[in-house]
Amino acid sequence: MKHIVKILSLLVAISAFWIGLLQATIIPRSHTWLLPIYFVVSFGCYGLLMVGVGLMQFPTCPQEAVLLQKDITEAKEFFKHKGVDVGSD
Amino acid sequence: MADEKENIGEKKYKYSIIIPTFNERLNIAIIVYLIFKHLRDVDFEIIVVDDGSPDGTQDIVKQLQQLYGEDRILLRARAKKLGLGTAYIHGLKYATGDFVVIMDADLSHHPKYLPSFIKKQLETNASIVTGTRYVKDGGVHGWNLMRKLTSRGANVLAQTLLWPGVSDLTGSFRLYKKCVLEDVISSCVSKGYVFQMEMIVRASRKGYQIEEVPITFVDRVFGTSKLGGSEIVEYLKGLVYLLLTT
């Protein structure tokens with residue numbers, strides 16, 4: 001099944017649940033009407049949180065640049081000995 | 001799809017490494033050297049798909065062929081810049097391996113990770129092994145805060161919308177079973193990095209087993225943001241396209 005169908009089904013299920021809540025009055029109507037807004041705002045906050053946490057924990061590797069330079073030098077030496085003219089960067 | 005060699009329990013697979021190039025005169029030589037250094041006991045071939053580089057990339061490749069052998073380095077050039085997706089398709093035509101590795105020519109993908117890709121695939125029998133920069137043992141060097149923010153935001157958005165099952169959607173350092181690459185690439189139509197996303201998402205939808213290995217990525221294009229407004233728009237369009245069609 002296409003992914004969009006899955007997502008729409010999920011939204012339909014959530015909506016049905018919400019409508020059910022509206023009709024069943026377990027929670028006072030006034031609260032229930034606001035539930036979708038709470039949901040969307042929480043969802044947005046969660047997304048922003050994920051972005052922020054991911055940004056803080058973003059893996060970096062400064063040592064790799066150094067290692068790469070070493071590899072480049074090693075390769076250039078090798079090619080010099082073999083007579084392959086690789087020119088300069 | 002793999003020819004079984006005679007040793008019981010010891011199948012020897014061949015790996016085709018496709019590297020599209022454009023003006024990578026120096027880098028292609030270094031990459032070839034590093035691949036040979038890190039894959040000593042592996043049966044592989046390197047397929048260089050050069051799009052008519054004016055800087056002499058093809059001359060260097062020919063010299064490398066003299067050095068390493070024309071059976072190990074294949075030069076399959078094209079007349080001009082025709083795009084990444086078609087470069088892979090072009091290279092695939094000449095690939096004789098059981099597996100195909102795709103990687104960039106600019107040394108942002110380091111060949112030292114090739115053994116870990118191969119090992120992961122052999123351990124898990126995965127159809128695709130993709131390199132991820134966004135896990136603990138991976139990483140990126142050369143990105144400023146803005147770039148990291150865009151990357152992270154884009155990733156969270158893509159994860160929320162697409163549920164792709166991989167942590168790095170736009171990465172292009174991957175190992176595919178040859179038949180899987182042929183299958184997936186035939187159904188992809190996007191360009192640029194959306195193409196890489198489309199490949200992995202379509203593969204995921206088709207039920208192919210995808211494993212990840214950590215890789216480090218040294219971005220050598222320092223300075224100006226490669227990520228302008230138009231690229232962000234392209235990305236969002238790509239996300240919506242993938243949301244609706246996969």
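## Ground rules

Helices (H or I, at least four residues) and strands (E, at least two) are DSSP runs, numbered from the N terminus. By that scheme, B:Leu107 sits in the loop between strand 4 and helix 4 of chain B.

This is a predicted model, where local features need pLDDT of at least 70 and side-chain atom pairs count only at pLDDT 80 or more, while totals for chains, interfaces and linings use all residues. Residues are numbered from 1 along each chain as its sequence is written, chains are lettered from A and ligands numbered from 1 in the order in which they are written, and side-chain values use heavy atoms, with hydrogens and water left out.

## How confident is the model?

The scores are ipTM 0.84 and pTM 0.89. Chain B has a mean pLDDT (the predictor's confidence in each residue, from 0 to 100) of 89, and 93% of its residues reach 70 or more.

One stretch to treat with care is residues 4-9 of chain B, where pLDDT stays under 50. The model has two contacts (heavy atoms within 4.5 Å) beyond four places in sequence for that stretch. Where pLDDT is low, the predicted coordinates should not be read in detail.

## Strand 1 and its partners

Start with strand 1 of chain B, residues 14-21. Seven of its eight residues are buried (under 20% relative accessible area; exposed is over 50% and partly exposed is in between, with a 1.4 Å probe and protein chains only), so the strand is largely enclosed by the rest of the structure. From strand 1 the chain crosses through helix 1 to strand 2 of chain B, and this β-α-β crossover is right-handed. In other words, with the strands pointing away from the viewer, the path from the first strand over the helix to the second runs clockwise.

Strands 1 and 2 of chain B run parallel, joined by eight bridges; two strands pair if DSSP finds at least two bridges between them. Strand 4 of chain B also runs parallel to strand 1, with four bridges joining them. B:Ser16 shows up in both pairings: this residue stands opposite B:Glu45 in strand 2 and opposite B:Val100 in strand 4.

Next along strand 4 of chain B is B:Val101, which counts as buried at 3% relative accessibility. Leaving aside neighbours within four places in sequence, its contacts include B:Ser16, B:Ile17 and B:Ile18, along with B:Leu114 and B:Phe173.

Helix 4 of chain B spans residues 114-124, and B:Leu114, B:Phe117, B:Ile118 and B:Gln121 are its buried residues. Seen down the helix axis, they fall within an arc of 95°, so they line one face of the helix; the arc is that of the directions from the helix axis to the C-beta atoms. Turned away from that buried side is a face with the exposed residues B:Lys119 and B:Glu123.

What do the buried residues of helix 4 of chain B pack against? Their partners in chain B are strands 1, 4, 5, 7 and 8, plus helix 1.

## Loops and positive phi

Most residues other than glycine have a negative phi, and most peptide bonds are trans. B:Asn23, in the loop between strand 1 and helix 1 of chain B, has a positive phi near 55° and is partly exposed at 33% relative accessible area. Just after helix 4 of chain B, B:Asn125 takes a positive phi of about 55°.

Over in the loop between helix 7 and strand 8 of chain B is B:Gly207, which is exposed, with a relative accessible area of 59%. Its C-alpha atom is 27 Å from that of B:His109, 98 residues apart along the chain.

## Where the chains meet

At the interface, 45 residues of chain B are in contact with 37 residues of chain A. About 3400 Å² is buried between the chains, with carbon and sulfur atoms giving 72%; buried area is the accessible area (1.4 Å probe) that two parts lose on being put together, summed over both. On the chain B side, B:Leu26, B:Tyr33 and B:Arg152 lose the most area to chain A, together 18% of what that side buries.

From chain A, take A:His3, which lies in helix 1 (residues 3-24) of that chain. A:His3 is buried, at 1% relative accessibility. Among the chain B residues that A:His3 touches are B:Leu161, B:Leu162, B:Trp163 and B:Arg205.
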